[in-house]
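Could you walk me through this structure one feature at a time? I'm new to it and would like to learn how to read it.

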Amino acid sequence: MADPTSDRDDLFAMWRKQVEAGADAWMKAVQQMAGQGQAPPPPDPAQFWRQFSNLGPTGSVPFPGAGPVDPQVLAQWKQFLDDWIAAWSRALEQAMRTEAFAEALGRTLDQFLTVQGKARQAAERSGKAAVDALGLPSRDQVIGLSRQMMDLEDRLETLEDKLDALGTPPPPAPASAAANDQPKRPRPIRRQTGGTAAGKTPKRSA
Amino acid sequence: MSAQPPPSDANAWSAWQTEFERTIQRVRNIGELVAESNEPAVAQSPRREVYRKHKARLYRYEGTARYDTPVLFVPNLGISRPTVFDLLPQSSFIGYMAGQGFPFYLLDWGVFGPEDDHLTFADCATRILPRMGRKLLADADADACSVVGYCMGSPLAVSFLGSHPDFPVRNLVNLAGPIDFEDAGLFGCWLDRRHFDVDKLVDTLGQMPAEMVQLGFKLLRPTMDLSTGLNLWWNAWNDRYLEGYKALQKWASEYVPFPGEFFRQWVTDFYQENRLAQGTLRLNGRPVDLESITCPLLVVGAREDNIAPPPGVKALVDLVGSRDKKYMELPGGHISLIAGRSASRDCWPHVASWLGARS
């Protein structure tokens, strides 16, 4: 009895050979037309599909009727789909790595930004007019306020650095010399840091 | 005829029965997944906030410290939240490192709004990082620390150390952090200055919005969703897989925008001009000299990384002035290098043992 797997593989190999030969003939014809092989070779039309045809007729998946129904058939199908997705992923990556794709992507982004820029300007103008009419702060004003607070935070940090650089403060004055008549010494600024989950871990000695 | 003997009827029946039961379970679990509104709890490792500067937070993770040298972990800024490093108790890089006895600190860059658009790469490397480093040393009562950078966190950390040679760093670890952008994969191709006008983008939008960050990463691997869906269906009968899937999906759906000026500098100085590797990077007037980094160095690349291809990661080994330096290339991609089951087997123990021997 003939092995159906072998017949199937032969048929697939024959079909693949035909496709490869056709692609080869096409490339030669294009090269001749482009100046007897002087021009750089045209892209190989079969290159994109070769990675799929290299998977074989069905990868590791048996055709129905090619043998007993193995309970692992689903796992084999999963493997085939994984291989198929991986092959598509490689093919798409090849396509996206080209100059042409990068150029097209850049052009699309450029057009999007041109439209988006005008739309944003128009939306900002109308939005500002609306909040002005309502007496509410505009988006820019809120952002400006946030930035001012951040600047303030930066200044406090600078001050903290300078105070730290002065070294440890001198020991406190004796109890008898109450601070009533003394001008208050500025204390180093300590930032309040709130714990989130657990309490502070005791410090270790170095 | 097939070469393999046919399976016995009893075995085949049992296997089909198992498959049938799994399919019932798959349908039930996916139904629950779709109907469920509760978000999975991630980033549950106990921690406390040590310091905050603008949106950035420095956290100290709880754990019994066996080593004297604290670890400052610097992840990527923007793109995604650092929850991926502490997804679930059994798959947490942070939990693992803290459990190994390292006084472990995470720098969480935060989620940026329009008020942060003026924040630059230089500000992060020369203002935020040095301050966080000092606060860490004070909190840990230590005289030096190890720095572990992941992804963009590595060029940030390296730029900080290269511009602050006086900062006391004991060890440096680069996990999948791009350093040489000569061949930076698909992003390098798309962000080429001939095609990508970063100035127009930042001037128009103010920041690099989260939606565009998401689009860029989806485009990087267009078949990812298909593959994820297929794997979900295949493994949906497994409750443990589903738990990890939900946590990972929560993380993967939270994209974070880039501050506009940061993105401009990141694209121009790194992707387009490759200044860090060429030694021409200056940040707020400070030159970044990688040769001034002389501490022990571990560089880990991921073999299938399409975000930070291994050659660009490995480049750091040749650029620093360290004598004790090592490069490892592990299986997996950019994320699976540090998150997931394979990471807990292949990557974390290496990092912990390398650091442990030098801490």
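Q: What should I know before I start?

A: This is a predicted model, in which local features need pLDDT of at least 70, side-chain atom pairs count only at pLDDT 80 or more, and totals for chains, interfaces and linings use all residues. Residues are numbered from 1 along each chain as its sequence is written, chains are lettered from A and ligands numbered from 1 in the order in which they are written, and side-chain values use heavy atoms, with hydrogens and water left out.

Q: What average pLDDT does chain A have?

A: The idea first: pLDDT is the predictor's confidence in each residue, from 0 to 100. Chain A averages 71, and 54% of its residues score at least 70. Helices (H or I, at least four residues) and strands (E, at least two) are DSSP runs, numbered from the N terminus. Among the elements of chain A, the lowest mean pLDDT, 61, belongs to helix α2 (residues 47-53), and the highest, 91, to helix α4 (residues 99-134).

Q: Where in chain A does pLDDT stay under 50?

A: One stretch is residues 59-65 of chain A, with 10 contacts beyond four places in sequence in the model. Another is residues 175-206 of chain A, with 45 such contacts. A contact means heavy atoms within 4.5 Å.

Q: How many helices and strands do chain A and chain B have?

A: Chain A has five helices and zero strands, giving the pattern α-α-α-α-α along the sequence. In chain B there are 14 helices and 14 strands.

Q: Which way do the side chains of strand β3 of chain B point?

A: In a regular strand the side chains alternate between the two faces of the sheet. In strand β3 (residues 71-74) of chain B, V71(B) and F73(B) point one way, L72(B) and V74(B) the other, and all are buried.

Q: Which strands pair with β3(B)?

A: Two strands pair if DSSP finds at least two bridges between them. β3(B) pairs in the parallel sense with strand β7 (residues 104-108) of chain B over three bridges, and also in the parallel sense with β8(B) over four bridges. For V71(B), the bridge partner in β7(B) is F104(B); for F73(B), the partner in β8(B) is V148(B).

Q: How many aromatic pairs are there?

A: Rings of Phe, Tyr and Trp (its six-membered ring) pair if their centres lie within 6.5 Å; planes under 30 degrees apart count as stacked, over 60 as edge-to-face and the rest as tilted. By that rule there are 25 aromatic pairs over all chains. Take F85(B) and Y150(B): they are edge-to-face, 5.3 Å centre to centre with 80° between the planes. This pair links distant parts of the chain, 65 residues apart: F85(B) sits in the loop between β4 (79-80) and β5 (86-88) of chain B, and Y150(B) in strand β8 (residues 145-150) of chain B. Both F85(B) and Y150(B) are buried.

Q: What about the pair F93(B) and W348(B)?

A: F93(B) and W348(B) are tilted, at 6.1 Å centre to centre and 55° between the planes. F93(B) is in helix α2 (residues 93-99) of chain B and W348(B) in helix α14 (residues 348-356) of chain B, 255 residues apart. These two are buried as well.

Q: Why is helix α10 of chain B called largely enclosed?

A: Because 12 of the 13 residues of α10 (residues 260-272) of chain B are buried, the rest of the structure largely encloses it. Among the buried ones are F262(B), W266(B) and Y271(B). The cover includes α3 (121-140), α4 (153-163) and β11 (282-283) of chain B, among others.

Note on methods
Buried < 20%, exposed > 50% of the residue type's maximum accessible area, 1.4 Å probe, protein only.
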